[in-house]
Amino acid sequence: MAFFERFFMASGNPRLTEAPVPGNSWKRPGFSPSPRIIFIRAQRPGCGFAKSLDGVTSGWESTRGPHRGRTTVGGCRTRREGTRERRGRESAAAAAAMLCPVPGAGAVAASAGGLTALCGSVAGFGVDPALQIDVLSELQLGGSAEGVRQVPGLHNGSKAFLFPDTSRSVKASPETAEIFFQKLRNKNEFTILVTLKQAHLNSGVILSIHHLDHRYLELESSGHRNEIRLHYRSGSHRSHTEVFPYILADDKWHRLSLAISASHLILHVDCNKIYERVVEKPFMDLPLGTTFWLGQRNNAHGYFKGIMQDVQLLVMPQGFISQCPDLNRTCPTCNDFHGLVQKIMELQDILAKTSAKLSQAEQRMNKLDQCYCERTCTMKGMTYREFESWTDGCKNCTCMNGTVQCEALICPHSDCPLNSALAYVDGKCCKECQSVCVFEGRTYFEGQRETVYSSSGDCVLFECKNHKMQRVPKDRCAALNCPESQQIPLSHSCCKICKGHDFCTEGHNCMEHSICRNLDDRAVCSCRDGFRALREDNAYCEDIDECAEGRHYCRENTMCVNTPGSFMCICKTGFIRIDDYSCTEHDECVTNQHNCDENALCFNTVGGHNCVCKPGYTGNGTICKAFCKDGCRNGGACIASNVCACPQGFTGPSCETDIDECSDGFVQCDSRANCINLPGWYHCECRDGYHDNGMFSPSGESCEDIDECGTGRHSCANDTVCFNLDGGYDCRCPHGKNCTGDCIHEDKIKHNGQIWVLENDRCSVCSCQNGYVMCRRMVCDCENPTVDLFCCPECDPRLSSQCLHQSGELSYNSGDSWIQNCQQCRCLQGEVDCWPLPCPEVDCEFSVLPENECCPRCVTDPCQADTIRNDITKTCLDETNVVRFTGSSWIKHGTECTLCQCKNGHVCCSVDPQCLQEL
């Protein structure tokens, strides 16, 4: 618990809310590429994190609409592969969703001279091609995509393509799609970038990655409802939709980026941060058969109409900097913290397993009190006797007093004879003399091959044999299933390979603590985190002793203990733990010797304590005031957590609703007055033809008739006579004469009986009737062949204006509406636009989404809940008395398939049926 608080205190502010930038600063014209600098992330405990004290469901929220991110805690981690391994990842993701980084400094640039720390604005940003997917270039549009043609774009640096209102199929081939998915599959951090100009009122899909009906990643812009939507699937295999209210379909150029870092979303439009949210982490385990579409959802739905340019997917943190180099980079990202929490969960499992092993060992030792045991050492399944020595890779090891002690192997200096040189040999640490060949000024070792291409382009293969490069027959090349642009030549073979070839599966020499990594034309070795290389080729690696080298974070009253690839901080005897790095001798919180507010939480520190306001309260901890997350509007006051005291005339949770005294029957105005509702109040206003006599009676009794004839405030024509009436007047014709009855509308004369359409509203019709102007909405007569289809979409008889249902079995006319998969859908002139059905806010600790229902419900049993409002102050004790954080999961001790979770202080366990089948 205290470990998390260490990071919470670094932020200084327990809440972040998004706020759109006002004015025209959202529209930022112009774009010029910047110099290429490749950024890498700096991961250290010193960076700040933001804490959501009221749980993950009320983390970073949108101030533009009702949509918020929600995070579900679930799953567990086990030793077995398959289902339990996946659940471990979900558990770590759920725990990490409670915390997310706040913007700060800490970007690190890789340059030719080394690593240079950068602060402030970014001067330039380049992208490693291995982390980039240039969609328009890879799809090779213009030649094979019927209906899409190249047009001028926002700039001349890349190609732009027009997506018109015609039938088309812009879909990646299975080979190209798989290249995309190899970079995206199981990735938690990536960015979608696009420069576009979308037609007015168009609702279309920008890009879609889906398999059957499952949308793993789909970005959509609705011009009908003026919003951007992100559709995705989470680790719980549920579909989610995030809605961002924004006008993108305005026939103007925009640069859009959506950065996803685990459960953290950031939406930029024209280099302005528009929204920032915490949501459930997208699940990118893309199955075989997944398809990639651009500018449409499939062959029949979601057609984007407009121009697209620079459509890219960057598999890296804060990829929006490549589109807007002036934006600051944050340190670190949510994905970085996911990894940290994952290690915390692993350490918990190690602690539980170690405790169980210690208990078993004590029982065995009690039986061996009368026995003499020779001290031995066990390493990699082999048992060694006391003082026995052996060689392990690049280390000399000795069994000393039951402990294995190893030191780096010192290779002897060797002088090789003529026509030989030192080289590494498989299975041996030190270099040995190997025969060599000299060919065209280069040295080759025995068995090494080299290709030479003749002037005609033919490939000739040579091999070093007996100190000479001898020509050898070429191997028969296998057929490649990739385009020529994706084929890569090799220096040791005349056969080419496809880009993305897995060399590691063909065999490698990477030993313990070293992993194999694929490059374009070969495989290389790389040391794992927490290990350093013993050879320049990284084939052998040794553990870094952070404790001995002073590369740890252990603080006061602790002892550093080295572990493989990491370290642990152990409290000295007589001290109690504060967090993973600090211990103290006294707990001021437990003894109540603190000055925290009654609505604050106390966290013990070395030599003192910290106070943090409870969820629903804000302040410095010593003074905490009630906090209402949506604020109290219209002069309301926050008197308790999310409870507003509203002034007279307003109601609602945030005092956002004005009480309409007129419609609710609270007020009865005089017959000569109309009730006018005002914000927080009402007013009885004299009707047309009446005015107040100066008494200003609240109920309108002081309203009296206006003599329009006597005051000249009438519009009777010259050939009529004005007669005053109660509340009005009448224009009467003298006996034996005819009257015109003309009207004046917007300073123009309209003749009696004339009908016209309003200039600013083509769907409203007005007429002049005996001197009076009457206006109303146009009546849709679908049998009239001249009916305006813009005002009456339901009268559109054209087949092109009909819409096909998602199942392909039904068709709808323009203007029809229906509900499909918890979405409200509408057909409008051939386009289908769907948006999520609104759900009431669930204000409870535990909730569940029943099958075949669209909205969650509150439940009291935490073990039935699939969504939890996490409370970090509540922990669980497992069966081995190990403290578990809320959101963590584990395998119950002594079982193989019983999975347990900590849900806000409640332990919930269940048997995994798939695990039983695997046993």
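Buried means under 20% relative accessible area, exposed means over 50%, and partly exposed lies in between (1.4 Å probe, protein chains only). The model is predicted, so that local features need pLDDT of at least 70 and side-chain atom pairs count only at pLDDT 80 or more, while totals for chains, interfaces and linings use all residues. Residues are numbered from 1 along each chain as its sequence is written, and side-chain values use heavy atoms, without hydrogens and water.

Rings of Phe, Tyr and Trp (its six-membered ring) pair if their centres lie within 6.5 Å; planes under 30 degrees apart count as stacked, over 60 as edge-to-face and the rest as tilted. By this rule there are nine aromatic pairs. One of them is stacked: Tyr384 and Trp390 lie 3.6 Å centre to centre, with 5 degrees between the planes. Tyr384 is buried because its relative accessibility is 13%, and Trp390 is likewise buried, at 12%. Phe439 and Phe462 form a tilted pair, because their centres are 5.2 Å apart and their planes stand at 35 degrees. This pair links distant parts of the chain, 23 residues apart: Phe439 belongs to strand 25 (residues 432–439) and Phe462 to strand 28 (residues 459–465). Strands are DSSP runs of E with at least two residues, helices are runs of H or I with at least four, and both are numbered from the N terminus.

Leu347, in helix 5, is partly exposed because its relative accessible area is 37%.
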